[in-house]
Amino acid sequence: MAAPAIELKDLQKIYIVSERETGVRAALASLVHRRVEAVPAVDGISFDLAPGEIVGFLGPNGAGKTTTLKMLSGLLHPTRGGATVLGYVPWKREKAYLRQMTLVMGQRNQLVWDIPAQDSFELNRAIYRLPAADYRRTLDELTDLLELGPLLHKPVRNLSLGERMKCEIAAALLHRPAVVFLDEPTIGLDVTMQRRIRAFIAEYNRRFGATVLLTSHYMADVEALCKRVVVIHHGRLLFDGDLSSLVQKFTAHKTIEVQLDDCQANLRAYGEVVACSDGHYTLRVPKAETAQITGRLLADLPVCDLLVEDPPIEEVIELVFRQGEA
Amino acid sequence: MRGLAQLYAQQFKTTFAAMVQYRASLVIWMIAQVLEPLVYLIVWSTVASGSGGSVGDYTTRAFAGYFILLLLVNHVSYTWIMYEYEYRIREGLLSFALLKPVHPIHADIAENLSSKGITTPFMLVVAGGLALIFQPLITPAPWALLASVPVLALAFLVRFLLEWALAQVAFWTTRVSATNQAYFVLVLFLSGQIAPLTLFPWPIQAVAAVLPFRWLIGFPVELLLGRLTPAQALTGLGAQAVWLVISLALVRWVWRAGVRIYSAVGA
């Protein structure tokens with residue numbers, strides 16, 4: 001196997017946060033003696049990404065995802081531990097490294113507000129010293145993939161959130177980075193726009209072989225893009241592996257959707273009835289018994305349609321987080 | 001070097017495009033730039049004519065020359081970077097700058113020069129208008145005009161570097177307006193902005209000589225006014241060169257230390 005594109009070894013970041021109680025007395029006391037607390041945002045995590053891999057980086061708010069991405073993109077020094085990206089130590093911020101990576105933050109903007117996106121793109125061309133022909137070609141490809149054509153010449157402030165995000169992503173990828181960190185790239189976008197951006201990320205990864213580490217609260221993003229997920233909670237690693245084995249590992253149940261001719265049937269004998277309406281039943285059954293129960297259903301009842309599914313990924317993730325809490 | 005030239009050229013276009021979006025605020029800003037020296041001009045002219053036509057070795061018309069040139073010199077070297085940095089750090093805009101493979105000071109210098117390029121014609125017209133009204137006495141020798149080119153370039157560069165370094169205070173505290181205010185008072189009195197420094201008592205002149213501000217503002221004005229000997233001009237250039245070295249070192253040191261703090265604390 002090739003050397004990993006991204007490698008984290010026991011990476012840790014502790015923030016020193018000053019804290020004080022409310023009120024005048026506490027304010028005065030804090031003048032003399034400031035109480036500080038060490039908050040471990042990332043508490044010793046290790047994992048690797050192979051070149052060209054897309055990995056979903058999951059965790060609830062405050063889990064340490066953004067802090068990790070900031071360390072990997074060189075914005076933060078770790079308190080302990082190490083990481084290399086493309087063989088570079090990110091927080092040394094060597095120019096050769098910065099030229100090969102990008103960080104897209106769904107909640108922050110780099111485009112100049114008052115001028116058309118294309119002008120900001122030109123500025124990035126100068127900053128990354130892109131040869132005119134390369135720049136032109138990449139811009140054409142991005143324009144094509146993201147359907148930027150009509151947006152390029154409007155002032156950024158006149159774009160909708162989704163349109164602006166597309167332009168932000170294009171601006172961040174003009175230099176064709178080999179490593180792409182995406183922090184909530186689809187946040188606040190409607191479903192259509194989310195899907196479009198998702199498709200774009202997949203295509204960018206396929207076309208340029210880029211390594212992508214992606215955080216998102218939308219499981220649809222993760223399901224569509226990432227075979228593998230890394231889950232963290234309270235700064236610690238909870239799971240690292242295939243999305244499918246995450247489901248395997250953390251759920252002991254499957255759901256069976258059954259469509260019957262009979263609207264009055266009682267299926268409680270087969271499993272927990274989660275929902276039923278108009279002859280459509282949703283059963284939750286222990287995973288190990290799925291095959292046997294399905295057989296019984298088909299044998300006993302006038303079944304029109306039957307579907308065995310894993311529980312929705314949102315449910316699984318919630319379960320994972322809850323176990324991390326314990 | 002070519003890459004940097006392209007970056008500066010591109011930044012010029014971007015700044016130009018952004019600035020013309022805000023024509024009204026641009027005009028208001030320029031009026032404010034003109035008003036301050038204009039007030040001093042009128043005050044000192046009045047004082048001079050009230051005390052027999054001159055104060056020290058400055059006649060009414062010499063004061064007019066001094067403050068009209070001050071308007072132009074100040075325009076050349078003025079920066080607003082200190083106001084901007086606090087905002088940038090608070091809004092997390094600095095993160096984007098840190099992700100780029102170019103030192104962010106280049107974008108700032110380019111932006112400053114670009115907007116100066118746009119506003120300079122206006123300032124020249126205003127200065128010309130004031131000259132018609134106040135009949136200033138401006139008598140530089142040809143060598144002084146020639147010398148003013150490097151002197152003005154250094155005045156811009158050193159003032160920019162110093163104030164850029166000072167702007168980095170925002171890395172350490174979120175209340176930069178206090179340091180900014182202290183700095184502006186210092187500049188006002190010790191640069192020759194409020195009055196020609198030669199009119200001040202000698203202890204203040206001595207203090208001003210060891211600080212950078214007079215070399216960035218008062219000195220170029222006096223040079224263009226035609227009041228300096230070649231030896232004095234050379235001394236001034238030397239002082240500017242020394243401050244260039246100091247301010248470059250300061251920028252390097254403050255930036256490194258600031259980024260270290262930023263990357264320890266995050267934003």
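The model is predicted; local features need pLDDT of at least 70, side-chain atom pairs count only at pLDDT 80 or more, and totals for chains, interfaces and linings use all residues. Residues are numbered from 1 along each chain as its sequence is written, while chains are lettered from A and ligands numbered from 1 in the order in which they are written.

Chain A has 11 helices and 13 strands. Helices (H or I, at least four residues) and strands (E, at least two) are DSSP runs, numbered from the N terminus. The C-alpha trace of chain A spans about 70 × 60 × 50 Å along its principal axes. Of its 326 residues, 39% count as buried. A residue is buried if 20 or more other C-beta atoms lie within 10 Å of its own, exposed if 12 or fewer, and partly exposed in between, with C-beta atoms placed from the backbone. Among contacts in chain A between residues at least 6 apart in sequence, 71% join residues at least 24 apart. Two residues are in contact if their C-beta atoms, placed from the backbone, lie within 7 Å.

The domain assignment of chain A gives domain 1 (6-247) and domain 2 (252-309). Such bounds come from an automatic or database domain assignment. The centres of the two domains, taken over C-alpha atoms, are separated by 42 Å.

Strand S1 (residues 6-18) of chain A pairs with two strands described here. With strand S2 (residues 36-49) of chain A, S1(A) runs antiparallel over 11 bridges. A:Ser18 has A:Val36 as its bridge partner in S2(A). With strand S4 (residues 80-85) of chain A, S1(A) is joined by 5 bridges, also antiparallel. There, A:Glu7 is partnered by A:Thr84 of S4(A). Two strands pair if DSSP finds at least two bridges between them. Strands of a sheet pair through backbone hydrogen bonds, either parallel or antiparallel.

An open sheet of 6 strands in chain A has the order S5-S6-S7-S3-S8-S9, and its pairing is mixed. Strand S5 (101-105) and strand S9 (236-242) of chain A stand at the edges, each with a single partner strand, so one side of each is left without a neighbour in the sheet. The twist averages 15° from one strand to the next. Axes are lines fitted to C-alpha atoms, for helices over the stretch in contact, and angles run from 0 to 180 degrees between N-to-C directions. Strand S6 (residues 179-183) and strand S7 (residues 211-215) of chain A run parallel, joined by 5 bridges. A:Val179 has A:Thr211 as its bridge partner in S7(A). Helix H9 (residues 243-250) of chain A packs on this sheet, where it touches strand S8 (228-233) and S9 of chain A. The direction of H9(A) makes about 115° with that of S9(A).

A further open sheet has 4 strands in the order S11-S12-S10-S13 (chain A), with antiparallel pairing. Its edges are strand S11 (272-277) and strand S13 (303-309) of chain A; each has a single partner strand, so one side of each is left without a neighbour in the sheet. Neighbouring strands are turned by 15° against each other on average, direction ignored. Strand S10 (residues 253-260) of chain A pairs with S13(A) over 6 bridges in the antiparallel sense. A:Thr255 stands opposite A:Glu309 in S13(A). Helix H10 (residues 290-300) of chain A packs on the sheet and touches S10, strand S12 (280-286) and S13 of chain A. The direction of H10(A) makes about 170° with that of S13(A).

The largest nonpolar core holds 135 residues. A nonpolar core is a set of buried Ala, Val, Leu, Ile, Met, Phe, Trp, Tyr and Cys residues joined through C-beta atoms within 7 Å. A:Ala170, A:Leu174, A:Leu213, A:Val229, B:Phe63 and B:Tyr66 touch the most other members. Helix H7 (residues 142-167) of chain B gives the largest share, 14 residues. Leaving aside neighbours within four places in sequence, the contacts of A:Leu174 include A:Phe121, A:Tyr128 and A:Leu139. A second, separate core of 8 residues includes A:Ile256, A:Tyr270, A:Tyr281 and A:Leu283.

The contact between the chains takes 25 residues from chain A and 21 residues from chain B. On the chain B side, helix H1 (2-19), helix H5 (93-99) and helix H12 (230-265) each give two or more residues. H1(B) provides the largest share, 9 residues.
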